[in-house]
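Open your viewer and keep the selection tool at hand.

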Amino acid sequence: MAKYGFIINIDRCNGCYSCFLACKDEWIGNDHGKYGAATAEGMNLMRLKEIEYGTDNKVKVDYIPIPCQHCKNAPCVAKRPDAFYTRPDGLVILDPEKSADKALLSACPYGCVQWNEKAGIAQKCNGCAHMLDAGEKQTRCSECCPNQAIFFGDLDDPESEISKYAAEHADELEDFQPAFKAEPGVKYMYIPRPFICGEVTFGGEDVKGAKVTVKCDESGKEYVTETDFLGDFEVQGLPVNKPFTVTVEAEGCKTAVLTCRTAGAVNFGEIILEEA
């Protein structure tokens, strides 16, 4: 028996909304029987969360596709087993014949359950179970992504593309909301996190190749980089709300030491070095 799952690489997602639109196309005007009714206007079974972070001239925008997380330890199933169930292949289904209850919307902590006003039922992403039952190998969202940001497949098959990708990137996979402890079947790569950046100058000129060491004062972990030809540096993927010490070293200059806390992205702006 297959065990289906998703891997979503946020670094590859450019916010084209192809997954969002493909999901709508699959459901608007299409009743899929035991897996859900045709969706009403305004329903989005695949959501795309836009994250803007940074300050001044260093601002980033990332997009996080959010389908049903198809959790192994599904909070919705635990809360309302009368309406939700997990298939042997790992997909979590909301039975449309048992979902005429708006209270079901609160069963998912990820906010994936929506109300279908036209059909009078609660509804969510079903992992394109109707397509898989018909012999398809991909979901609509995974097959239409132009940047291969969404991987879908059988995680129990070591020869499947998703299994090989998961093995290759095992250290980079994480849950979207680990605090829920739901063991989701959707894993993410490169979830947006704080970054530290700045521009290093000396005597009014940009300093290329300056060594920048960003050290977490709590864990002792160090991130080392160099400034580019414009004197810019950036260290991404840092833990949230931690104290850091930033050390800038360049030949012929005094070492500059700065401190900060990653409550959000930190932009030191221009860091002017002094002559040694």
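## Stop one: a side chain and a backbone oxygen

Select Gln114 and Asn44: the side chain of Gln114 reaches the backbone oxygen of Asn44 at 2.3 Å. A polar contact here is a pair of N or O atoms within 3.5 Å; within protein, one must be able to donate a hydrogen and the other to accept it, and residues adjacent in sequence count only if both atoms are side-chain atoms.

Before going on, please note that this is a predicted model, in which local features need pLDDT of at least 70 and side-chain atom pairs count only at pLDDT 80 or more, while totals for chains, interfaces and linings use all residues. Residues are numbered from 1 along each chain as its sequence is written, and side-chain values use heavy atoms, with hydrogens and water left out.

Now colour strand β6, residues 114-116, where Gln114 is found. Helices (H or I, at least four residues) and strands (E, at least two) are DSSP runs, numbered from the N terminus. Is Gln114 buried or exposed? Gln114 has a relative accessible area of 15% and is buried. The cut-offs are under 20% relative accessible area for buried, over 50% for exposed, and partly exposed in between (1.4 Å probe, protein chains only).

Next, show the surroundings of Gln114. Leaving aside neighbours within four places in sequence, Gln114 is in contact with Gly42, Met43, Asn44, Leu45, Arg47, Leu105, Ile121, Ala122 and Gln123. Contact means heavy atoms within 4.5 Å.

## Stop two: salt bridges

A search of the whole structure finds 14 salt bridges, each being a side-chain nitrogen of Lys or Arg within 4 Å of a carboxyl oxygen of Asp or Glu.

Select Lys60 and Glu234, whose closest N and O atoms are 2.7 Å apart in a salt bridge. Because Lys60 lies in strand β3 (residues 58-66) and Glu234 in strand β15 (residues 232-235), the pair ties together parts that are 174 residues apart in sequence. Glu234 counts as partly exposed, at 26% relative accessibility.

Move on to Glu174 and Arg193, which form a salt bridge at 2.6 Å, N to O. Glu174 is in strand β9 (residues 173-174) and Arg193 in the loop between β10 (186-189) and β11 (196-202), so this pair ties together parts that are 19 residues apart in sequence. Glu174 is partly exposed, with a relative accessible area of 21%, and Arg193 is partly exposed too, with 31%.

Then pick Asp175 and Lys187, where the side chains meet in a salt bridge at 2.5 Å, N to O. This pair links distant parts of the chain, twelve residues apart: Asp175 is in the loop between β9 and β10, and Lys187 is in strand β10. Lys187 is partly exposed, at 26% relative accessibility.

## Stop three: cavities

On a 1 Å grid over the protein atoms alone, a cavity is a set of points where a 1.4 Å probe fits but cannot get out, and a pocket is an open set with protein on both sides within 12 Å along at least five of seven lines; lining residues have an atom within 4 Å of a point. Grid points are joined across faces, edges and corners, and a volume is the space filled by probe spheres set on the points.

How many cavities of 30 Å³ or more are there? The count is four. The largest cavity holds about 110 Å³ of space. Its lining has 14 residues, with Cys23, Cys125, Gly127, Cys128 and Cys141 nearest the centre. Two or more lining residues come from each of α1 (18-27) and α4 (140-144).

For the second largest cavity, of about 90 Å³, select Cys68, Cys71, Cys76, Cys108 and Tyr110, which lie nearest its centre among 14 lining residues.

The largest pocket has about 350 Å³ of space. Of its 18 lining residues, select Tyr4, Lys72, Leu155, Pro184 and Gly185, the closest to its centre. β1 gives the most to this lining of the largest pocket, with three residues.

The volume of the second largest pocket is about 290 Å³.
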